[in-house]
Amino acid sequence: LASLPKAKSFSPSGITLYQDFWCPTRLLQNVISFQNHFHAHDHDIILASKPKSGTTWLKAIIFSIVNRTQFTLTNTPLLTKVSHELVPFFEAEVYRNNAIPDLTTMSSPRLFSTHVPYASLPKSIKESKCRIIYLCRNPFDTLVSLWQFGSHLCDIRSSGWTFEEFVERFCEGKEVFGPFWSHVLGYWKESIENPNKVLFLKYEDLKEDIIHQMKRLAEFIGFPFSPDELKQGVVEDISKLCSLNVLKDLEVNKNGKHSFSDVNKNGKHNFVPNKSFYRKGEVGDWVNHFSPSMLERLNKMIEGKFKDSSLNFKYLA
Ligand code: A3P
(Lines give C-alpha, C1' and ligand atoms only; values in the text may rest on other atoms or scores of the structure.)
Protein backbone atom coordinates (compact mmCIF):
# COMPACT_ATOMS: atom_id res chain seq x y z
CA LEU A 1 0.00 0.00 0.00
CA ALA A 2 2.87 2.34 0.72
CA SER A 3 3.81 2.21 -2.94
CA LEU A 4 0.42 3.26 -4.34
CA PRO A 5 0.86 5.60 -7.28
CA LYS A 6 0.46 9.24 -6.29
CA ALA A 7 -2.34 9.98 -8.76
CA LYS A 8 -4.57 7.66 -6.78
CA SER A 9 -4.72 10.06 -3.85
CA PHE A 10 -7.44 11.92 -5.72
CA SER A 11 -10.68 10.34 -6.88
CA PRO A 12 -12.06 11.62 -10.19
CA SER A 13 -14.40 13.96 -8.36
CA GLY A 14 -11.33 14.88 -6.32
CA ILE A 15 -10.55 15.99 -2.81
CA THR A 16 -8.38 18.96 -1.95
CA LEU A 17 -6.65 19.72 1.32
CA TYR A 18 -8.14 22.99 2.57
CA GLN A 19 -7.75 24.38 6.10
CA ASP A 20 -6.55 20.95 7.30
CA PHE A 21 -9.49 18.96 5.95
CA TRP A 22 -10.04 17.12 2.67
CA CYS A 23 -12.73 19.05 0.88
CA PRO A 24 -14.44 17.58 -2.19
CA THR A 25 -12.88 19.77 -4.87
CA ARG A 26 -16.20 20.43 -6.55
CA LEU A 27 -17.51 21.93 -3.30
CA LEU A 28 -14.47 24.02 -2.38
CA GLN A 29 -15.74 27.27 -3.90
CA ASN A 30 -19.07 26.75 -2.17
CA VAL A 31 -17.35 26.21 1.19
CA ILE A 32 -15.44 29.45 0.73
CA SER A 33 -18.67 31.30 -0.17
CA PHE A 34 -20.34 29.83 2.92
CA GLN A 35 -17.44 30.98 5.10
CA ASN A 36 -17.46 34.47 3.62
CA HIS A 37 -21.15 35.19 3.33
CA PHE A 38 -23.22 33.30 5.86
CA HIS A 39 -24.63 35.39 8.71
CA ALA A 40 -26.03 33.22 11.46
CA HIS A 41 -29.15 34.15 13.39
CA ASP A 42 -29.54 33.23 17.04
CA HIS A 43 -32.45 30.91 16.24
CA ASP A 44 -30.70 28.97 13.47
CA ILE A 45 -30.38 25.22 13.94
CA ILE A 46 -27.45 23.56 12.23
CA LEU A 47 -26.91 19.85 11.87
CA ALA A 48 -23.24 18.95 11.42
CA SER A 49 -21.88 15.51 10.61
CA LYS A 50 -19.30 13.50 8.76
CA PRO A 51 -20.80 11.97 5.59
CA LYS A 52 -22.62 8.67 6.19
CA SER A 53 -23.28 9.22 9.89
CA GLY A 54 -27.08 9.15 9.49
CA THR A 55 -27.51 12.78 8.41
CA THR A 56 -30.52 12.04 6.18
CA TRP A 57 -32.30 10.44 9.14
CA LEU A 58 -31.55 13.20 11.62
CA LYS A 59 -32.64 15.84 9.11
CA ALA A 60 -36.05 14.16 8.88
CA ILE A 61 -36.29 14.06 12.67
CA ILE A 62 -35.27 17.69 13.22
CA PHE A 63 -37.58 18.93 10.46
CA SER A 64 -40.47 16.97 11.97
CA ILE A 65 -39.83 18.18 15.52
CA VAL A 66 -39.61 21.83 14.51
CA ASN A 67 -42.62 21.75 12.18
CA ARG A 68 -44.87 19.41 14.13
CA THR A 69 -47.65 21.93 14.69
CA GLN A 70 -47.64 23.04 11.07
CA PHE A 71 -47.86 19.63 9.40
CA THR A 72 -49.60 16.39 10.19
CA LEU A 73 -48.30 12.90 9.51
CA THR A 74 -50.31 12.84 6.28
CA ASN A 75 -49.31 16.17 4.79
CA THR A 76 -45.70 16.56 5.91
CA PRO A 77 -43.35 17.52 3.05
CA LEU A 78 -41.24 14.52 4.11
CA LEU A 79 -43.70 12.36 2.19
CA THR A 80 -42.77 14.01 -1.11
CA LYS A 81 -39.29 15.46 -0.62
CA VAL A 82 -36.00 13.91 0.41
CA SER A 83 -34.90 15.46 3.71
CA HIS A 84 -31.87 17.13 2.06
CA GLU A 85 -34.32 19.48 0.37
CA LEU A 86 -35.86 20.42 3.70
CA VAL A 87 -32.60 20.86 5.61
CA PRO A 88 -30.08 21.90 2.95
CA PHE A 89 -26.30 21.57 3.15
CA PHE A 90 -24.57 24.97 3.13
CA GLU A 91 -21.76 23.74 0.92
CA ALA A 92 -23.82 21.76 -1.55
CA GLU A 93 -27.24 23.36 -1.81
CA VAL A 94 -27.30 26.81 -0.18
CA TYR A 95 -24.08 28.24 -1.62
CA ARG A 96 -23.57 27.01 -5.15
CA ASN A 97 -23.09 28.16 -8.71
CA ASN A 98 -21.25 31.23 -7.42
CA ALA A 99 -24.50 32.71 -6.15
CA ILE A 100 -25.03 34.42 -2.80
CA PRO A 101 -28.59 33.56 -1.80
CA ASP A 102 -30.85 35.83 0.22
CA LEU A 103 -31.53 33.77 3.34
CA THR A 104 -33.13 36.57 5.31
CA THR A 105 -36.62 35.73 4.08
CA MET A 106 -36.49 32.12 5.35
CA SER A 107 -38.86 31.46 8.21
CA SER A 108 -37.39 31.03 11.67
CA PRO A 109 -35.88 28.79 12.86
CA ARG A 110 -33.82 28.29 9.74
CA LEU A 111 -32.60 24.71 9.41
CA PHE A 112 -29.27 24.00 7.74
CA SER A 113 -26.69 21.28 7.66
CA THR A 114 -23.00 20.95 6.94
CA HIS A 115 -20.12 18.50 6.72
CA VAL A 116 -17.55 21.27 7.28
CA PRO A 117 -15.39 20.71 10.42
CA TYR A 118 -15.97 22.96 13.43
CA ALA A 119 -12.68 24.81 13.00
CA SER A 120 -13.71 25.94 9.51
CA LEU A 121 -17.23 27.11 10.30
CA PRO A 122 -17.87 30.82 9.69
CA LYS A 123 -17.21 33.06 12.66
CA SER A 124 -20.82 34.19 12.80
CA ILE A 125 -21.96 30.63 13.61
CA LYS A 126 -19.50 30.45 16.48
CA GLU A 127 -20.33 33.91 17.79
CA SER A 128 -24.12 33.80 17.52
CA LYS A 129 -26.38 31.85 19.84
CA CYS A 130 -27.43 29.43 17.08
CA ARG A 131 -27.44 25.75 18.01
CA ILE A 132 -25.38 22.97 16.47
CA ILE A 133 -26.28 19.32 16.64
CA TYR A 134 -23.38 17.06 15.80
CA LEU A 135 -24.13 13.52 14.70
CA CYS A 136 -21.33 11.00 15.16
CA ARG A 137 -21.19 7.37 14.06
CA ASN A 138 -18.59 4.74 14.88
CA PRO A 139 -15.75 4.86 12.35
CA PHE A 140 -16.17 1.23 11.20
CA ASP A 141 -19.78 1.64 10.09
CA THR A 142 -19.13 5.15 8.75
CA LEU A 143 -16.35 3.80 6.59
CA VAL A 144 -18.39 0.88 5.24
CA SER A 145 -21.37 3.14 4.56
CA LEU A 146 -19.16 5.59 2.69
CA TRP A 147 -17.69 2.79 0.66
CA GLN A 148 -21.12 1.43 -0.22
CA PHE A 149 -22.38 4.91 -1.09
CA GLY A 150 -19.43 5.31 -3.42
CA SER A 151 -20.48 2.24 -5.30
CA HIS A 152 -23.92 3.77 -5.96
CA LEU A 153 -22.45 7.09 -6.93
CA CYS A 154 -19.43 5.75 -8.77
CA ASP A 155 -17.57 8.42 -6.89
CA ILE A 156 -15.04 6.39 -4.97
CA ARG A 157 -14.86 2.98 -6.55
CA SER A 158 -14.35 4.41 -9.98
CA SER A 159 -11.10 5.85 -8.66
CA GLY A 160 -9.85 2.29 -8.60
CA TRP A 161 -9.64 1.75 -4.85
CA THR A 162 -10.11 -1.68 -3.42
CA PHE A 163 -11.84 -1.80 -0.04
CA GLU A 164 -8.49 -2.48 1.57
CA GLU A 165 -6.98 0.61 -0.03
CA PHE A 166 -10.02 2.61 0.98
CA VAL A 167 -9.50 1.56 4.62
CA GLU A 168 -5.93 2.75 4.33
CA ARG A 169 -6.97 6.16 2.94
CA PHE A 170 -9.51 6.51 5.74
CA CYS A 171 -6.82 5.75 8.31
CA GLU A 172 -4.58 8.34 6.69
CA GLY A 173 -7.42 10.85 6.91
CA LYS A 174 -7.60 11.29 3.12
CA GLU A 175 -11.32 10.98 2.59
CA VAL A 176 -14.23 13.37 2.12
CA PHE A 177 -14.25 15.94 4.94
CA GLY A 178 -11.62 13.85 6.72
CA PRO A 179 -9.64 13.22 8.76
CA PHE A 180 -12.37 11.45 10.68
CA TRP A 181 -10.65 12.02 14.04
CA SER A 182 -10.23 15.77 13.73
CA HIS A 183 -13.81 16.18 12.47
CA VAL A 184 -15.29 14.24 15.38
CA LEU A 185 -12.94 15.59 18.05
CA GLY A 186 -13.42 19.19 16.91
CA TYR A 187 -17.16 19.02 17.61
CA TRP A 188 -16.67 16.77 20.66
CA LYS A 189 -14.38 19.31 22.32
CA GLU A 190 -16.81 22.13 21.59
CA SER A 191 -19.74 20.13 22.97
CA ILE A 192 -17.86 19.70 26.25
CA GLU A 193 -16.70 23.28 26.51
CA ASN A 194 -19.94 24.79 25.27
CA PRO A 195 -22.80 22.35 25.90
CA ASN A 196 -25.47 24.98 25.21
CA LYS A 197 -24.03 25.48 21.76
CA VAL A 198 -23.22 21.96 20.55
CA LEU A 199 -25.22 18.81 21.25
CA PHE A 200 -23.19 15.70 20.48
CA LEU A 201 -25.41 12.81 19.38
CA LYS A 202 -24.37 9.30 18.44
CA TYR A 203 -26.04 7.30 15.67
CA GLU A 204 -25.86 4.21 17.85
CA ASP A 205 -27.73 5.97 20.68
CA LEU A 206 -30.47 7.03 18.25
CA LYS A 207 -30.79 3.40 17.18
CA GLU A 208 -30.88 2.19 20.77
CA ASP A 209 -33.38 4.66 22.22
CA ILE A 210 -34.84 6.99 19.64
CA ILE A 211 -37.58 8.27 21.96
CA HIS A 212 -35.19 9.40 24.66
CA GLN A 213 -32.81 10.98 22.15
CA MET A 214 -35.63 12.82 20.38
CA LYS A 215 -36.77 14.34 23.65
CA ARG A 216 -33.20 15.42 24.39
CA LEU A 217 -32.87 16.91 20.94
CA ALA A 218 -36.21 18.74 21.13
CA GLU A 219 -35.22 20.31 24.47
CA PHE A 220 -31.87 21.37 23.12
CA ILE A 221 -33.28 23.16 20.09
CA GLY A 222 -35.97 24.87 22.13
CA PHE A 223 -38.93 22.77 20.95
CA PRO A 224 -39.59 20.51 23.95
CA PHE A 225 -42.52 18.12 23.83
CA SER A 226 -45.36 19.17 26.12
CA PRO A 227 -46.90 16.71 28.62
CA ASP A 228 -49.96 16.55 26.32
CA GLU A 229 -47.86 15.72 23.30
CA LEU A 230 -46.07 13.03 25.26
CA LYS A 231 -49.41 11.56 26.29
CA GLN A 232 -50.69 11.63 22.72
CA GLY A 233 -47.64 9.72 21.47
CA VAL A 234 -46.32 12.51 19.23
CA VAL A 235 -42.70 11.43 19.78
CA GLU A 236 -43.49 7.85 18.80
CA ASP A 237 -45.36 9.07 15.70
CA ILE A 238 -42.42 11.15 14.50
CA SER A 239 -39.96 8.35 15.20
CA LYS A 240 -42.07 5.94 13.12
CA LEU A 241 -42.45 8.41 10.27
CA CYS A 242 -38.66 8.89 10.20
CA SER A 243 -37.80 5.21 10.49
CA LEU A 244 -35.71 3.65 7.76
CA ASN A 245 -38.44 1.32 6.57
CA VAL A 246 -41.04 4.06 6.22
CA LEU A 247 -38.77 6.61 4.53
CA LYS A 248 -37.16 4.03 2.27
CA ASP A 249 -40.56 2.95 0.98
CA LEU A 250 -41.80 6.37 -0.08
CA GLU A 251 -42.03 6.93 -3.81
CA VAL A 252 -39.76 9.99 -3.59
CA ASN A 253 -37.05 7.90 -1.94
CA LYS A 254 -37.49 4.86 -4.16
CA ASN A 255 -37.39 6.65 -7.50
CA GLY A 256 -36.49 10.29 -6.86
CA LYS A 257 -33.09 11.87 -7.27
CA HIS A 258 -31.32 14.82 -5.76
CA SER A 259 -28.62 17.19 -6.94
CA PHE A 260 -25.97 18.30 -4.45
CA SER A 261 -23.40 19.89 -6.64
CA ASP A 262 -23.15 22.85 -8.98
CA VAL A 263 -24.07 22.45 -12.61
CA ASN A 264 -21.21 20.80 -14.47
CA LYS A 265 -19.46 22.25 -17.48
CA ASN A 266 -22.24 21.00 -19.75
CA GLY A 267 -24.79 22.95 -17.70
CA LYS A 268 -26.20 19.76 -16.17
CA HIS A 269 -26.63 18.73 -12.55
CA ASN A 270 -25.10 15.52 -11.27
CA PHE A 271 -27.96 13.69 -9.65
CA VAL A 272 -27.78 11.18 -6.80
CA PRO A 273 -30.58 8.61 -6.53
CA ASN A 274 -32.46 9.19 -3.26
CA LYS A 275 -32.45 5.47 -2.57
CA SER A 276 -28.69 5.63 -2.05
CA PHE A 277 -29.27 7.47 1.26
CA TYR A 278 -31.10 4.48 2.69
CA ARG A 279 -29.24 1.20 2.91
CA LYS A 280 -29.13 -1.14 5.91
CA GLY A 281 -29.13 1.40 8.72
CA GLU A 282 -27.57 -1.01 11.20
CA VAL A 283 -25.00 -0.84 13.94
CA GLY A 284 -22.24 -3.36 13.26
CA ASP A 285 -22.58 -4.02 9.52
CA TRP A 286 -18.81 -3.55 9.40
CA VAL A 287 -18.30 -7.13 10.65
CA ASN A 288 -19.29 -8.28 7.16
CA HIS A 289 -16.55 -6.29 5.48
CA PHE A 290 -13.36 -6.15 7.53
CA SER A 291 -10.55 -8.68 7.38
CA PRO A 292 -8.45 -9.15 10.55
CA SER A 293 -5.61 -7.06 9.13
CA MET A 294 -7.94 -4.20 8.15
CA LEU A 295 -9.47 -4.36 11.63
CA GLU A 296 -6.07 -4.13 13.21
CA ARG A 297 -5.16 -1.13 11.06
CA LEU A 298 -8.34 0.82 11.88
CA ASN A 299 -8.22 -0.14 15.56
CA LYS A 300 -4.69 1.13 15.80
CA MET A 301 -5.66 4.41 14.20
CA ILE A 302 -8.59 4.84 16.57
CA GLU A 303 -6.55 3.98 19.65
CA GLY A 304 -3.88 6.45 18.66
CA LYS A 305 -6.15 9.33 17.76
CA PHE A 306 -8.80 9.02 20.46
CA LYS A 307 -6.75 7.82 23.46
CA ASP A 308 -6.53 11.28 25.01
CA SER A 309 -10.24 12.01 24.68
CA SER A 310 -13.12 10.80 26.83
CA LEU A 311 -15.07 9.89 23.69
CA ASN A 312 -15.83 6.25 23.06
CA PHE A 313 -17.70 4.50 20.28
CA LYS A 314 -20.25 1.74 20.27
CA TYR A 315 -19.43 -0.81 17.59
CA LEU A 316 -22.12 -3.45 17.93
CA ALA A 317 -25.85 -3.36 18.53
P1 A3P B 1 -25.70 2.36 6.00
O2 A3P B 1 -24.99 2.61 4.70
O3 A3P B 1 -24.82 1.76 7.05
O4 A3P B 1 -26.96 1.59 5.83
P5 A3P B 1 -26.03 9.85 5.67
O6 A3P B 1 -27.45 10.19 5.73
O7 A3P B 1 -25.19 10.68 6.60
O8 A3P B 1 -25.52 9.86 4.28
O9 A3P B 1 -25.87 8.37 6.27
C10 A3P B 1 -26.38 7.27 5.57
C11 A3P B 1 -26.50 6.11 6.54
O12 A3P B 1 -27.62 6.32 7.40
C13 A3P B 1 -26.76 4.81 5.79
O14 A3P B 1 -26.15 3.80 6.59
C15 A3P B 1 -28.27 4.74 5.84
O16 A3P B 1 -28.80 3.45 5.64
C17 A3P B 1 -28.53 5.23 7.24
N18 A3P B 1 -29.91 5.74 7.40
C19 A3P B 1 -30.61 6.51 6.55
N20 A3P B 1 -31.84 6.73 7.00
C21 A3P B 1 -31.95 6.06 8.18
C22 A3P B 1 -33.00 5.89 9.14
N23 A3P B 1 -34.20 6.43 8.96
N24 A3P B 1 -32.74 5.14 10.23
C25 A3P B 1 -31.52 4.57 10.43
N26 A3P B 1 -30.49 4.70 9.56
C27 A3P B 1 -30.70 5.43 8.45
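## Terms and model

Two residues are in contact if their C-beta atoms, placed from the backbone, lie within 7 Å. Pro122, for example, is in contact with Phe34, Gln35 and Phe38, when its neighbours within four places in sequence are left aside.

The structure is a predicted model, in which local features need pLDDT of at least 70 and side-chain atom pairs count only at pLDDT 80 or more, whereas totals for chains, interfaces and linings use all residues. Residues are numbered from 1 along each chain as its sequence is written.

## Confidence

The predictor's confidence in each residue is expressed as pLDDT, on a scale from 0 to 100. The protein chain has a mean pLDDT of 91, and 92% of its residues reach 70 or more. Residues 1-13 have a pLDDT below 50, and this stretch has 16 contacts in the model beyond near neighbours in sequence. For residues 154-158 the pLDDT is also below 50, with eleven contacts beyond near neighbours in sequence. For the complex, the predictor gives an ipTM of 0.99 and a pTM of 0.94.

## Overall fold

The protein chain contains 15 helices and eight strands. Helices (H or I, at least four residues) and strands (E, at least two) are DSSP runs, numbered from the N terminus. The radius of gyration of the protein chain is 19 Å, close to the 20 Å that the globule rule gives for 317 residues, so the chain is as compact as a globular protein of that length. This radius is taken over C-alpha atoms, and the globule rule is 2.2 Å times the number of residues to the power 0.38. The C-alpha trace spans about 60 × 45 × 40 Å along its principal axes.

Among contacts between residues at least 6 apart in sequence, 75% join residues at least 24 apart.

## Burial and the nonpolar core

A residue is buried if 20 or more other C-beta atoms lie within 10 Å of its own, exposed if 12 or fewer, and partly exposed in between, with C-beta atoms placed from the backbone. Of the 317 residues of the protein chain, 38% count as buried.

In soluble globular proteins, nonpolar side chains tend to be buried together. A nonpolar core is here a set of buried Ala, Val, Leu, Ile, Met, Phe, Trp, Tyr and Cys residues joined through C-beta atoms within 7 Å. In the largest such core, which has 73 residues, Ile61, Ile62 and Tyr134 touch the most other members. Helix α2 provides the largest share of this core, seven residues. Apart from its neighbours within four places in sequence, Ile61 is in contact with Met214, Ile238 and Cys242.

## Surroundings of the ligand

A residue is near a molecule or strand if its C-beta atom, placed from the backbone, lies within 6 Å of it. There are 21 residues around the ligand, and Thr55, Thr56, Ser145, Arg279 and Gly281 come nearest. Each of α2 (55-66), α6 (139-153) and α13 (244-248) supplies at least two residues of this shell.

The shell divides into seven nonpolar, nine polar and five charged residues. For this count, Ala, Val, Leu, Ile, Met, Phe, Trp, Tyr, Cys and Pro are nonpolar, Asp, Glu, Lys and Arg are charged, and the others, Gly among them, are polar.

## Backbone features in loops

Most residues other than glycine have a negative phi, and most peptide bonds are trans. Lys52 has a phi near 75°, a positive value in a residue other than glycine. Lys52 lies in the loop between β3 (45-49) and α2, and is buried because 23 other C-beta atoms lie within 10 Å. Asn97 also has a positive phi, near 55°. Asn97 belongs to the loop between α4 and β4 and counts as exposed, because there are 12 C-beta neighbours inside 10 Å.

The peptide bond from Ser108 to Pro109 is cis, with omega near 0°, and Pro109 lies in the loop between α4 and β4. A cis peptide bond, with omega near 0°, likewise runs from Gly178 to Pro179; Pro179 is in the loop between α7 (163-172) and α8 (180-193).

## Further loop residues

Thr104 is placed in the loop between α4 (90-94) and β4 (111-114), and counts as exposed because it has 8 C-beta neighbours inside 10 Å. Pro122, in the loop between β4 and α5 (123-127), counts as partly exposed, with 18 C-beta neighbours inside 10 Å.
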